[in-house]
Amino acid sequence: MSLLSPTRRMLLAAAPALAVAGNAYAQQAVTGLLLKPDDDPSADAEMPLDAWTDTFGRPTAKVRLNGKGPFRFLVDTGSTTTVLAARLSEVVGAPMIGTAIVNGTTGTAEMPIATMATLETGVVTKTNVRVAIISDRGLAREDGILGADVFAGRRLNFDIQNKTVTVDSSKRQSRFAPVSNLRVRNGLLAEIDGRIGTIPVKLMLDTGAQHCIGNMPLQRALERAYPRQRRVDSVKVVGVTGHTIIGNFFELPKVDFRKFAVKDAGAVMADAPIFQVWNLDRDPALIVGVNLLARLAGFSIDYGARTFDAQLMAMGIARNTLMLG
């Protein structure tokens with residue numbers, strides 16, 4: 001299929017949606033804390049989460065904390081740590097145990113750390129969970145972020161068409177274990193190799209991100225290989241830590257994930273501090289948000305077997321005629 005040709009009006013219409021304050025374009029990448037999971041990831045039971053999408057298409061789950069709730073949490077594969085909105089810390093009885101440096105997409109902040117006696121979502125139960133406390137401004141619409149520490153060693157499945165999320169045991173020890181096609185960076189962050197047009201790129205799978213963000217090496221590679229691609233300069237990105245950075249919105253050539261390809265996509269290219277934290281500031285890299293992932297019929301991330309799998313819609317290729325990439 002041919003790439004749709006966007007008009008300048010279509011591209012400019014995307015800019016305000018990317019520039020609004022709060023978490024309309026807040027990237028929920030919290031990578032400063034790597035917490036050891038409390039449960040055994042080899043358990044066999046499938047664990048359905050009562051979940052699906054928020055206003056911006058990001059998956060959410062109902063979570064009970066210390067027996068209270070339910071509360072609405074983002075299901076965020078781009079966050080290594082579970083996060084709680086400050087307004088709920090006293091409500092659920094989460095005692096503070098100190099502070100830690102938390103790295104967001106746009107900057108770094110020191111945040112309080114609290115402990116939860118129990119965290120429950122669906123049939124998943126974790127005890128003695130440490131959570132970062134974030135300002136209410138950073139989580140105006142959700143009550144928290146369900147980080148990848150909850151899914152460590154397991155397989156996370158998103159059924160987009162049926163609006164369900166499940167967690168089950170990893171296939172890493174099965175007789176027919178799949179061949180690994182995914183790396184786990186910084187302990188819990190899912191990364192795969194792909195291409196944007198002819199450019200090799202590292203793709204970070206982030207279900208907590210509404211849109212995609214590329215690093216500066218990717219911007220320079222796009223400018224060399226595709227100088228006529230349309231762009232919108234000076235787009236504001238506001239992160240959950242309260243920091244703001246300015247980037248450039250680029251129309252992208254076809255994005256190839258190996259398991260599927262995406263046409264009519266776009267991303268903000270920015271010198272985001274998170275790329276340095278992840279050691280992704282030298283080669284082309286892209287944080288992949290749900291604006292791309294939600295075009296699939298479903299996908300799974302197996303943290304134990306280190307595999308990514310995707311199921312396409314019937315049309316065979318993921319497309320977005322609105323050009324919001």
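This is a predicted model: local features need pLDDT of at least 70, side-chain atom pairs count only at pLDDT 80 or more; totals for chains, interfaces and linings use all residues.

Trainee: Where is A221 found, and what is A221 in contact with beyond its neighbours within four places in sequence?

Mentor: Helices (H or I, at least four residues) and strands (E, at least two) are DSSP runs, numbered from the N terminus. A221 sits in helix α2, residues 216–225. Contact means heavy atoms within 4.5 Å; with those neighbours left aside, A221 is in contact with I199 and P284.

Trainee: Which residues touch the most other members in the largest nonpolar core?

Mentor: In soluble globular proteins, nonpolar side chains tend to be buried together. A nonpolar core is a set of buried Ala, Val, Leu, Ile, Met, Phe, Trp, Tyr and Cys residues joined through side-chain atoms within 4.5 Å. The largest one here has 60 residues, and L84, L205 and F257 touch the most other members. Apart from it lies another core of 18 residues, including L189, I213, V235 and A270.

Trainee: And how many salt bridges are there?

Mentor: A salt bridge is a side-chain nitrogen of Lys or Arg within 4 Å of a carboxyl oxygen of Asp or Glu. By this rule there are eight. In one of them, E142 pairs with R72, with the closest N and O atoms 3.6 Å apart. E142 lies in the loop between β8 (124–134) and β9 (144–146), and R72 in strand β4 (residues 68–75), so the pair ties together parts 70 residues apart in sequence. E142 is buried at 1% relative accessible area, whereas R72 is partly exposed at 33%.

Trainee: Which residues are linked in a network of salt bridges?

Mentor: They are R183, R185, E191 and D193. R183 meets E191 at 2.6 Å, N to O, and forms a salt bridge with D193 at 2.7 Å between the closest N and O atoms. R183 lies in strand β12 (residues 183–185) and D193 in strand β13 (residues 189–196), so this pair ties together parts 10 residues apart in sequence. E191 is buried, at 1%, while D193 is partly exposed, at 29%.

Methods: Residues are numbered from 1 along each chain as its sequence is written. Side-chain values use heavy atoms; hydrogens and water are left out. Buried means under 20% relative accessible area, exposed over 50%, partly exposed in between (1.4 Å probe, protein chains only).
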